[in-house]
Amino acid sequence: MFLRELNASLDHIKGVGTELRSAFTRLGVTSVSGFLCYYPRDWEDRSRIVPITEFQHATVCTQVRVIAHDWFGFGAMRTLKVHVEDASGQGVLVCFKRPFLQNQLLVGKQYWLWGTFSYKYGELQSSTFEIEPVQGEAGKNFGCLIPVYRLSAKLRAGTLRRCMKQALDQYAKPLEDEVPAYLIERRGLFPKSQAIRTIHFPTSLEELERAKQTLVYEELFYLEIVVVKRAIERRQTSGRQSPDAPISSLQRRLLERLPFSLTQGQLVALADINRDMDGPYPMARLIQGDVGSGKTLIAFLAALRVAEMGGQAALMAPTELLARQHAENAARLLEPLGLRPAFLTGNIKSSGRAQLLKNLALGQIDFVIGTHALFSRDVYYRNLRLVVIDEQHRFGVLQRQAIVEKGEQPDLLMMSATPIPRTLALTVFGDMDVSIIRDMPPGRKPVITHLALQSNETNVYDFVRKQLAAGRQAYFVYPLIEADENKSLKAAESMATRLSEEIFPEYDMSLIHSKLSEEEKRITMENFRKGVIRVLVATSVVEVGVDVPNATCMVIEHAERFGLSALHQLRGRVGRGSEQSYCFLVYADDENNRLSDNARERLKVMKNNTDGFIIAEEDLRLRGPGQIAGIEQSGNIGLSIADLVRDINILEHARADAFAMLEADPELVQSEHQCVAQVLKRAPPFANITL
Ligand code: ADP
Ligand code: MG
């Protein structure tokens with residue numbers, strides 16, 4: 001029998017009645033299998049002796065002899081003190097509200113003791129302790145590790161432990177393995193039955209570790225079976241498709257009209273996409289390329305191919321600002337080729353939205369661009385064949401699912417300037433193919449980055465003034481819109497006033513931030529792009545994607561407040577034309593704002609690196625793995641014991657094993673083989689991973 005088939009009700013466990021059953025139900029446990037999978041949240045290590053004198057380093061766990069009783073306090077407050085000693089020294093057990101211990105802890109006898117000690121009133125005292133008589137070798141709750149469970153109000157730790165022991169005795173022995181035996185052996189795992197027993201009652205830390213590894217591996221193995229099955233299905237078919245899907249005629253016409261030719265990386269990405277699109281299975285491809293590597297154009301070329309085949313394409317951008325910019329470029333580049341692009345705003349009230357939705361449903365729009373509003377409930381597509389998701393790798397599997405459901409298995413193209421962390425590449429994106437654009441369009445000069453202390457800001461402003469005089473444009477970015485309460489940070493609003501009145505009175509300037517209406521933002525961006533506005537004061541709304549090649553200066557004030565990926569994205573707003581560009585990271589380091597070591601490191605990384613892949617790695621290193629963007633989403637996967645970041649090594653093993661197993665036996669992918677079939681039959685949440 002497999003563990004998850006133990007559907008018996010909890011009262012089949014000896015000693016569990018109605019009351020306990022409902023206590024367990026409150027913990028979310030309703031069946032025997034659920035109970036056995038109610039893993040401890042921690043374990044107390046009582047397998048090793050910690051003598052009394054070691055109390056500062058760990059909880060004391062030792063054999064003691066009772067040497068005397070004495071009492072303090074009066075009446076109801078009268079409290080027993082039991083003096084004990086072990087080989088290392090003496091201590092006192094203060095038995096608050098436990099006068100009955102007088103008759104249980106007898107002078108001269110030996111006991112096992114577990115307790116936390118501290119110095120009080122000149123003696124070494126403990127008031128939280130467990131104690132039991134020494135009988136034979138090990139005590140009932142000593143000489144082993146003790147599981148610590150999440151409890152509810154009416155459930156005592158001892159009761160839960162007792163029930164768990166009983167359940168294991170009744171059910172654990174005949175449990176069968178689901179992971180194939182050769183993998184259990186290769187990875188040094190426990191058989192299931194032993195793993196489940198040990199996770200609750202390990203006899204040593206080493207044994208516990210192996211039980212954990214077993215259960216983590218098992219969980220990740222199932223997950224990878226699902227992901228890998230999906231990947232193999234697509235790969236199996238890729239052999240059938242034509243090796244060179246030619247550039248289509250509309251694509252060729254766009255390329256001919258461009259004033260430049262594609263980079264090598266762009267060409268390869270385009271070929272990958274064309275091949276995928278001609279293949280019999282839906283594309284699932286991730287394009288990775290640093291900021292400015294020209295991903296948008298690739299998306300447009302993909303949309304052209306779809307339109308040529310009579311389908312519709314949708315491009316989703318992370319912000320309305322960026323969506324609008326994409327839409328304007330699409331209109332400029334694609335309309336002359338006969339394509340019908342449209343911009344769908346999230347603003348429900350905007351005039352024309354109803355007409356637009358109608359045209360979309362009728363198939364009179366070929367290429368629609370917007371934010372996630374593209375996939376709201378009221379949006380219908382006549383024939384959605386391609387979905388492009390720009391710069392949103394935080395986008396979870398579930399959202400991807402919702403989007404793809406708007407069409408009939410449309411192709412999916414994701415574009416990201418941020419390298420996907422390995423753990424997500426193996427799971428959430430584990431079924432996707434990847435194209436990497438490593439080169440930049442020719443003629444780009446790397447942005448020169450300077451660090452400047454806030455008190456030296458005048459030098460920065462002087463430099464920018466010269467650039468403005470030479471006809472260039474500049475961004476000034478601040479972490480806040482309005483000044484914070486104690487006014488210790490410069491904010492966009494007040495600085496916009498200062499910059500325009502005192503510092504650059506001779507140049508036109510505008511302010512842009514998230515609180516402005518979309519219309520105000522649109523006008524501002526348009527004026528900046530046209531060069532009517534020479535200085536744009538902003539918050540991080542300009543972080544992603546904005547493309548104004550004539551802007552050569554990026555001044556980020558309070559740069560210490562921004563994360564590395566934001567800084568890299570912001571800096572990516574300049575260096576997009578043929579002129580030399582500059583980025584100034586102005587940081588504060590005074591009594592109001594002390595520069596932290598971490599912030600100092602971030603600034604250094606920015607000064608010394610321009611390669612986004614290196615910056616992303618440094619970002620992970622400085623933030624620590626738990627903070628990786630997108631990991632929250634892995635919550636969607638519904639893991640119970642594995643942790644995608646902590647268990648990355650096991651994840652890689654599980655993936656390799658799942659791949660080898662399914663590849664060695666292609667029939668397995670389709671067949672009803674036990675392991676695969678059972679994994680796939682599992683109820684959600686695992687079902688979600690199959691995009
Ligand atoms: P990102 O990859 O950051 O999304 P964009 O698509 O915004 O980059 O492209 C940045 C700029 O580079 C745009 O102005 C685009 O027109 C231009 N560009 C794209 N491809 C090339 C190329 N092969 N040669 C020259 N310029 C290019
Ligand atoms: Mg982009």
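1. A word on terms before the ligand: a polar contact here is a pair of N or O atoms within 3.5 Å; within protein, one must be able to donate a hydrogen and the other to accept it, and residues adjacent in sequence count only if both atoms are side-chain atoms. With that in hand, look at R444, where an N or O atom of the side chain is 2.6 Å from an oxygen atom of ligand 1. On its own, ligand 1 exposes 570 Å², and the protein buries 84% of that (accessible areas come from the Shrake-Rupley method with a 1.4 Å probe, and for residues only the protein chains shown count as cover).

2. Please keep in mind that this is a predicted model, in which local features need pLDDT of at least 70 and side-chain atom pairs count only at pLDDT 80 or more, while totals for chains, interfaces and linings use all residues. Residues are numbered from 1 along each chain as its sequence is written, chains are lettered from A and ligands numbered from 1 in the order in which they are written, and side-chain values use heavy atoms, with hydrogens and water left out.

3. Backbone atoms also reach ligand 1. A polar backbone atom of G292 is 2.6 Å from an oxygen atom of the ligand, and a polar backbone atom of S261 is 2.9 Å from one of its nitrogen atoms.

4. Which residues are closest to ligand 1? They are G292, K295, T296, R444 and D547, out of 16 residues that surround the ligand (a residue is near a molecule if one of its heavy atoms lies within 4 Å of it). This shell divides into 4 nonpolar, 7 polar and 5 charged residues, where Ala, Val, Leu, Ile, Met, Phe, Trp, Tyr, Cys and Pro count as nonpolar, Asp, Glu, Lys and Arg as charged, and the others, Gly among them, as polar.

5. Most residues other than glycine have a negative phi. Q409, not a glycine, has a positive phi of about 50°, and H558, also a residue other than glycine, has a positive phi near 55°. Q409 lies in the loop between α13 (397–404) and β13 (411–416), and H558 in the loop between β19 (551–557) and α18 (564–571). (Helices, H or I with at least four residues, and strands, E with at least two, are DSSP runs numbered from the N terminus.)

6. Are these two buried or exposed? Q409 counts as exposed at 58% relative accessibility, whereas H558 counts as buried at 0%. Buried means under 20% relative accessible area, exposed over 50%, and partly exposed in between, with a 1.4 Å probe and protein chains only.

7. A559 is in the loop between β19 and α18 and is buried, with a relative accessible area of 0%. Its C-alpha atom is 5.7 Å from that of V586, 27 residues apart in sequence.

8. Helix α9 (residues 264–278) holds A269, which is buried at a relative accessible area of 1%.

9. T62 in strand β2 (residues 60–72) is buried at 3% relative accessible area, and its C-alpha is 9.1 Å from that of A87, 25 residues apart in sequence. V94 belongs to strand β4 (residues 90–95) and is buried, with a relative accessible area of 3%; V94 and W71 are 9.3 Å apart, C-alpha to C-alpha, and 23 residues apart in sequence.
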